Amino acid sequence: METQLRARIRDGDDDAFAELFDRYARSVYNHAYRLTGDWSTAEDVVSLTFLEAWRLRGRVDAEGGSVRPWLLGIATNVVRNTRRAAGRHATAMGRLPPASPVSDFADEVASRVDDAELLAAVRLALDTLRRGEREVLALCVWSGFDYAAAAEALGVPRGTVRSRLSRARRKLAKAAGKVTANGEPPGRPRQVRDGRTTAAQPIQEGNR
């Protein structure tokens, strides 16, 4: 079935891409959110990923298993490009004169988040990871990829995946210990949009 889907993608079959989106959009969104920590950016990454997949459709191998590693590999590159663009934008904005202070509605939203301190602690722990370590963690731990699939998605050797994952786990374990020592048990971050918990938390995605 996956071989047929690969062939249809290579041929630019519209129905094949609709099937690809229906099957993997949630996986792409979860992966993007895990790398960015922002629901709005993750939604943009989903759109850009499938546009890029259409552009790169001719590079899909005709033979092989699930196209999910290929798709999440594209999503990872989209996140990298998005971050570079955001960095350039931040640099440009930094050259502008400071604006007059205005009230920020985010304060009101944050006040309704029960676990705001825990969320901040978990995000701080993830921020201790290098980009490659976070990407491997997102693929192997949250998306359930084995070393081979993660290596395929990232275009790196399996040994690199293994070593990055090991370093990521050590760093997170150390950071989690600090959180616990401060009286805040480590937990899963929740995402809030308009004062409501969204479905952005990782879910069982399968490995089709």
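User: Which residues does Ile9 touch, not counting residues up to four places away in sequence?

Analyst: A contact means heavy atoms within 4.5 Å. By that criterion, and with residues up to four places away in sequence left out, Ile9 touches Ala16, Phe17, Leu20, Arg57, Val60 and Trp70. This is a predicted model, in which local features need pLDDT of at least 70 and side-chain atom pairs count only at pLDDT 80 or more, whereas totals for chains, interfaces and linings use all residues. Residues are numbered from 1 along each chain as its sequence is written, and side-chain values use heavy atoms, with hydrogens and water left out.

User: Which members of the largest nonpolar core touch the most other members?

Analyst: In soluble globular proteins, nonpolar side chains tend to be buried together. A nonpolar core is a set of buried Ala, Val, Leu, Ile, Met, Phe, Trp, Tyr and Cys residues joined through side-chain atoms within 4.5 Å; buried means under 20% relative accessible area, exposed over 50%, and partly exposed in between (1.4 Å probe, protein chains only). The largest such core here has 45 residues, of which Ile9, Leu20, Trp70 and Leu71 touch the most other members. At least two residues of this core come from each of α1 (2–10), α2 (14–36), α3 (39–55), α4 (68–94), α7 (131–142), α8 (147–154) and α9 (158–181). The largest share, ten residues, is supplied by α2.

User: How many helices and strands are there in the protein?

Analyst: Helices (H or I, at least four residues) and strands (E, at least two) are DSSP runs, numbered from the N terminus. The protein has nine helices and two strands, in the sequence pattern α-α-α-α-α-α-α-α-α-β-β. Of its 208 residues, 38% count as buried. Among contacts between residues at least 6 apart in sequence, 70% join residues at least 24 apart.

User: Where does α2 bend, and which residue caps its N-terminal end?

Analyst: The bend at a residue is the angle between axes fitted to the seven residues ending there and the seven starting there. For α2, a bend of about 55° is found at Tyr24. A polar contact is a pair of N or O atoms within 3.5 Å; within protein, one must be able to donate a hydrogen and the other to accept it, and residues adjacent in sequence count only if both atoms are side-chain atoms. The N-terminal cap of α2 is Asp13, with a side-chain oxygen 2.8 Å from the backbone nitrogen of Asp15. Just after α2, Gly37 has a positive phi of about 70°.

User: How many aromatic pairs does the structure hold?

Analyst: A pair of aromatic rings is described by the distance of the centres and the angle of the planes. Rings of Phe, Tyr and Trp (its six-membered ring) pair if their centres lie within 6.5 Å; planes under 30 degrees apart count as stacked, over 60 as edge-to-face and the rest as tilted. The structure holds two aromatic pairs. One of them joins Phe17 and Trp54 edge-to-face, at 4.9 Å centre to centre and 70° between the planes. Phe17 lies in helix α2 and Trp54 in helix α3, 37 residues apart. Phe17 is buried, at 10% relative accessible area, whereas Trp54 is partly exposed, at 33% relative accessibility.

User: Which charged end sits over the ring of Trp54?

Analyst: A charge sits over a ring if NZ of Lys or CZ of Arg is within 6 Å of the ring centre and within 35 degrees of the ring normal. Here the charged end belongs to Arg57, 4.1 Å from the centre of the Trp54 ring.
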